[in-house]
Amino acid sequence: MPKSESNNLQVILRMRPLLGKELKLNKRNVIEIIDQNTIIFDPIHNEFCSKEERFAGFARKDLRLSFDRVFGKEATNVDIFHYSLRPLISSVLKGYNCCVFVYGVTGAGKTYTMLGSDTKRGVVYLAMEELFRQIETQRSHQSIDVGISYVEVYNEQVINLLTKDGPLKLREDSNGVIIDGVIPQRIQNCDEMVTLLCIGNHNRSQHPTDANYKSSRSHAICQVHLASTNKASGLRRVVKLSMIDLAGSERGSSSSYEELRFKEGTSINKSLLALGNCIKKLAEGSKHIPYRDSNMTRILKDSLSGNCKTVMIANVSPAERSYSETYNTLLYATRATQIRKNALSKTELKTSFPKEYYVRNLVAKISETEELRDQIKILENQVKSQAKVIENFEKAQNGLVKLIKKIETLKHKIDKSYHDLVSSRQRK
Ligand SMILES: Nc1ncnc2c1ncn2[C@@H]1O[C@H](COP(=O)(O)OP(=O)(O)OP(=O)(O)O)[C@@H](O)[C@H]1O
């Protein structure tokens, strides 16, 4: 059993396979997976030590670390989804806020895990498929509206990835952190979600670094807002599922230090440092957690400390070249396993939606009602004109009946006259 199954923060470690140049150049793997919960970082095994290192008495860290679950190079996005997001989808539909975020250095596989590739869909897509499948099974007793928002934090500025609006301000109310001006866009199915994700990803700040030719230079936050109403009790619930792809951290020697990239790197590291500090303080049980140190940690506040089920996926590469970054990621992730959250409560009748969302929903509902009213009018007119046709038909039918009667009377008279004529001739 995962060591913190009852805890509301699960920490998963995903080690990607060696790729490209690493396959040729990598001298040794710095991670050894022991079992599905345990790894050794920088193992001491002799076969990994070069002669020179042994001679120099090079000390290996040989650090044994455990997580709620460890996935190795053979693991697929579907495996990760089944362990991480699938249980969250059930929880979010039961009324719990949920959050998944991927953490790791540039090129460690965060975007691959979240969004996948053309052929291997990421956990976000798989989660949306599962969400709509489960919503379908609940339609008989609940009506559920789904809305999407997608923002990035780039150089400490918050930008709406769906509209390109920004920089946006953050504010806090009793329900948590709200990003001003971000109105969730309503979606009806998984395909609409994918379309919005593609728009957002296209707008996301990406630039090549030495470690990754298509590196995400911003933290991307995709939030799925669910507003459900129980048809029998009228109970209303608003919950959100946040999926966060953090930008990769950089080291001096592994990225090109043009001025802009330098600014990006500093800002990414600032927010990741702030995140690290928050995780450290939470793990230590401190009363004061420095969420306000960066916009990223302000937005993640609900997810780390609040009423929220959280899954952190730490991505690492086994390559020796990422030794110190991988070590830092593992320290982050290990600290996160020490955060213990309080029991959660379901969110009912509470909302962190901006009021514009409701206004827009209301306007959409009014226009749907007006369309229905127009359709009813058209149907009424059709019924009326058909009633007129029936009335005319009935009149014509009555006229016909009368005519037939007249013809019969006339025929009767003709028969009678003919009969009289024949009998008068016979008498003569
Ligand atoms: N588990 C995996 N299996 C196969 N290929 C992978 C895996 N994880 C990552 N990759 C590949 O490694 C490369 C870097 O991955 P990715 O872009 O996901 O890194 P990242 O952590 O998001 O980096 P950055 O923070 O710079 O955006 C990509 O080419 C991706 O396809």
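**Exercise 1. Confidence**

Determine what mean pLDDT the protein chain has and where the pLDDT falls below 50.

Solution. Step 1: the protein chain of this predicted model averages a pLDDT of 82, and 82% of the residues score at least 70. Step 2: by element, the lowest mean pLDDT, 54, belongs to helix 2 (residues 51–55), while strand 5 (residues 69–71) has the highest, 97. Step 3: residues 1–5 have a pLDDT below 50, and this stretch has ten contacts in the model beyond near neighbours in sequence. Step 4: the pLDDT also stays under 50 over residues 251–257, where the model has 15 contacts beyond four places in sequence. Step 5: where pLDDT is low, predicted coordinates should not be read in detail. Step 6: for the model, ipTM is 0.98 and pTM is 0.74.

**Exercise 2. Overall make-up**

State how many helices and strands the protein chain has, and what share of its residues is buried.

Solution. Step 1: there are eleven helices and 16 strands in the protein chain. Step 2: of its 428 residues, 36% are buried. Step 3: take the contacts between residues at least 6 apart in sequence; 70% of them join residues at least 24 apart.

**Exercise 3. Helix 6 against helix 7**

Describe how helix 6 and helix 7 cross, and which residues make the contact.

Solution. Step 1: two packed helices are described by the angle between their axes and the distance between the axes. Step 2: the axes of helix 6 (residues 123–138) and helix 7 (residues 190–203) come within 9 Å, with a crossing angle of roughly 150°. Step 3: angles over 145 degrees count as roughly antiparallel, so helix 6 is roughly antiparallel to helix 7. Step 4: the crossing is right-handed. Step 5: helix 6 contributes Val 124, Tyr 125, Met 128, Glu 129 and Phe 132 to the contact, and helix 7 contributes Cys 190, Met 193, Val 194 and Leu 197. Step 6: sorted by class, the contact has eight nonpolar residues, no polar residues and one charged residue.

**Exercise 4. Helix 4 against helix 6**

Solution. Step 2: the crossing of helix 4 with helix 6 is right-handed. Step 3: on the helix 4 side, the contact is made by Leu 85, Arg 86, Ile 89 and Leu 93. Step 4: on the helix 6 side, the residues are Val 123, Leu 126, Ala 127, Glu 130, Leu 131, Gln 134 and Gln 138.

**Exercise 5. Lys 240 and Cys 278**

Decide whether Lys 240 is buried or exposed, do likewise for Cys 278, and find the residues in contact with Cys 278.

Solution. Step 1: Lys 240 is placed in strand 15 (residues 236–245). Step 2: a residue needs 20 or more other C-beta atoms within 10 Å to be buried; Lys 240 has 24 and is therefore buried. Step 3: Lys 240 and Ala 387 are 147 residues apart along the chain, and their C-alpha atoms are separated by 52 Å. Step 4: Cys 278 is in helix 8 (residues 259–284). Step 5: Cys 278 is buried because 24 other C-beta atoms lie within 10 Å. Step 6: leaving aside neighbours within four places in sequence, Cys 278 is in contact with Ile 289, Pro 290, Tyr 291, Thr 297 and Leu 304. Step 7: for Thr 297, which is 19 residues from Cys 278 along the chain, the C-alpha separation is 7.7 Å.

**Exercise 6. Backbone details in two loops**

Locate the cis peptide bond from Gly 166 to Pro 167, then classify Asn 155 and Lys 164 as buried, partly exposed or exposed.

Solution. Step 1: the bond from Gly 166 to Pro 167 is cis, with omega near 0°. Step 2: Pro 167 lies in the loop between strand 8 (157–160) and strand 9 (170–173). Step 3: Lys 164 is also found in the loop between strand 8 and strand 9. Step 4: Lys 164 is not a glycine, yet its phi is positive, about 65°. Step 5: a residue with 12 or fewer C-beta neighbours is exposed; Lys 164 has 10 inside 10 Å, so Lys 164 counts as exposed. Step 6: Asn 155 sits in the loop between strand 7 (142–154) and strand 8, and has a positive phi near 50°. Step 7: Asn 155 counts as partly exposed because it has 18 C-beta neighbours inside 10 Å.

Technical notes
Residues are numbered from 1 along each chain as its sequence is written. This is a predicted model: local features need pLDDT of at least 70, side-chain atom pairs count only at pLDDT 80 or more; totals for chains, interfaces and linings use all residues. Helices (H or I, at least four residues) and strands (E, at least two) are DSSP runs, numbered from the N terminus. Two residues are in contact if their C-beta atoms, placed from the backbone, lie within 7 Å. pLDDT is the predictor's confidence in each residue, from 0 to 100. Axes are lines fitted to C-alpha atoms, for helices over the stretch in contact, and angles run from 0 to 180 degrees between N-to-C directions. Angles under 35 degrees count as roughly parallel, over 145 as roughly antiparallel, 65 to 115 as roughly perpendicular and the rest as oblique. A crossing is left-handed if the near helix is turned anticlockwise from the far one by less than a right angle, and right-handed if clockwise. Ala, Val, Leu, Ile, Met, Phe, Trp, Tyr, Cys and Pro count as nonpolar, Asp, Glu, Lys and Arg as charged, and the others, Gly among them, as polar.
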